[in-house]
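Please look over the model shown here with an eye to strand pairing, ring geometry and side-chain packing. The report that follows takes these topics in turn.

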Amino acid sequence: MSESASRAVELRLSYAAPCDVDGLIRFFAARAVPGVEAVTDGVYDRSLRLKNGSGVVRLRAGAEDVETKLWLDDAGDLDEAVAASRRLLDLDTDPQPIVDALVNDELIGPIVRAAPGRRVPGVVEPNELAIRAVLGQQVSLAGAATLAGRLVVAYGEPLEHPVASVTHLFPSAAALAGADPEQLAMPWSRRRALIGLADALSGGDLPLDADRLHADRLDAAEIQRRLLALPGIGPWTVAYIAMRALRDADAFMPTDLGVRHGLERLGRDGSPAAASALAEGWRPYRAYATQHLWAQLAPPSHTA
């Protein structure tokens, strides 16, 4: 079904101002996976895996909200699709406590005052983010997107009703857990890490969504411990997953290249030890401070 022929729901998503929606869309644009995501003229499209079927969401910054359009296989998935869209853009966060905590910092205070609406990019599906974090280890943004695009072609699910260039769902963890390692065009260590992670996700050992965490009475610290126990999963990957999928507002990656370069752009030592020391003053919002560091880079140089 073409975009023009399909039926869509149009609505507006509210948030507590300020919120840099355009900045989030630029972040997603730099990492867009072909077939799953597309950004054109500040408009972000992506596919959604939902309880009763699939869908596509289109997001655009409005004057005081987010202009949203949803194509759904099943109308009963509307609430889930809206919740996923809000989670993706971090729309339920109150920015004021974060600004209050960071605005007087000697180093990043001025850039927080200049752009108080920066949010932490979220996810529509935590499993997808975890898999993409592994793909993004020690490769460029373009390289990670290329690897992910190959997985989409080989293991993704075609949409019954594609919208423009959004044609597939990102591969499920179960599909990747059953992949032939020899067919994955990446170093052996990353193949092992990818399949090991996918197996843990599909088998239920790593429940990343909030409902499962609550039902299993697990906290984020336990999930991070389990992630670190997997082959090929290091502290950077765990912190990145914690930041975006587990919504840990204090997650921090002292070894991240974007953090290093952002600090150097501000005239400071960007080494992991120096970054860790500086970041102590940004608790409990180091994930949000990271967004301000990344924003100093044009174009962004960090991965995943």
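## Strand pairing

How many bridges join strand E2 to E3, and do the two run parallel or antiparallel? In this predicted model, strand E2 (residues 37-40) is joined to E3 by four bridges, and the two strands run antiparallel. Within this pairing, the residue that stands opposite Asp45 in E3 is Ala38.

The strands E2 and E3 form a hairpin with two residues between them, and in this hairpin Asp41 takes a positive phi near 50 degrees.

## Aromatic pairs

A pair of aromatic rings is described by the distance of the centres and the angle of the planes. The count of aromatic pairs comes to six. One of them is formed by Phe28 and Tyr44, which are stacked, with 5.0 Å from centre to centre and 20 degrees between the planes. This pair links distant parts of the chain, since Phe28 belongs to helix H1 (residues 21-30) and Tyr44 to strand E3 (residues 43-49), 16 residues apart. Phe28 has a relative accessibility of 3% and therefore counts as buried, and Tyr44, at 0% relative accessibility, counts as buried too.

Phe252 and Trp282 make an edge-to-face pair, because their ring centres are 6.3 Å apart and their planes stand at 80 degrees. Here too the pair links distant parts of the chain: Phe252 lies in the loop between helix H11 (235-244) and helix H12 (257-265), whereas Trp282 lies in the loop between helix H13 (272-279) and helix H14 (286-294), 30 residues apart. Both Phe252 and Trp282 are buried.

## A ring cluster and a charge over a ring

Through ring pairs, Phe27, Phe28, Tyr44 and Trp294 are linked into a cluster. One member of this cluster, Phe27, also has the charged end of Arg31 sitting over its ring, 3.6 Å from the ring centre.

## Nonpolar cores

In soluble globular proteins, nonpolar side chains tend to be buried together. The largest nonpolar core of this model holds 87 residues, and those that touch the most other members are Ile108, Ile131, Leu197, Leu227, Tyr240 and Trp282.

For Ile131, once its neighbours within four places in sequence are left aside, the contacts are Phe170, Ala173, Leu176, Leu194, Leu197 and Leu201.

Technical notes. Residues numbered from 1 in each chain as written. Predicted model: local features only at pLDDT ≥ 70, side-chain atom pairs only at ≥ 80, totals over all residues. Heavy atoms only, no water. Phe/Tyr/Trp six-rings, centres within 6.5 Å; stacked < 30°, edge-to-face > 60°. Buried < 20%, exposed > 50% of the residue type's maximum accessible area, 1.4 Å probe, protein only. Lys NZ or Arg CZ within 6 Å of the ring centre and 35° of its normal. Core = buried A, V, L, I, M, F, W, Y, C linked by side-chain atoms within 4.5 Å. Contact = heavy atoms within 4.5 Å. Pairing = 2+ DSSP bridges.
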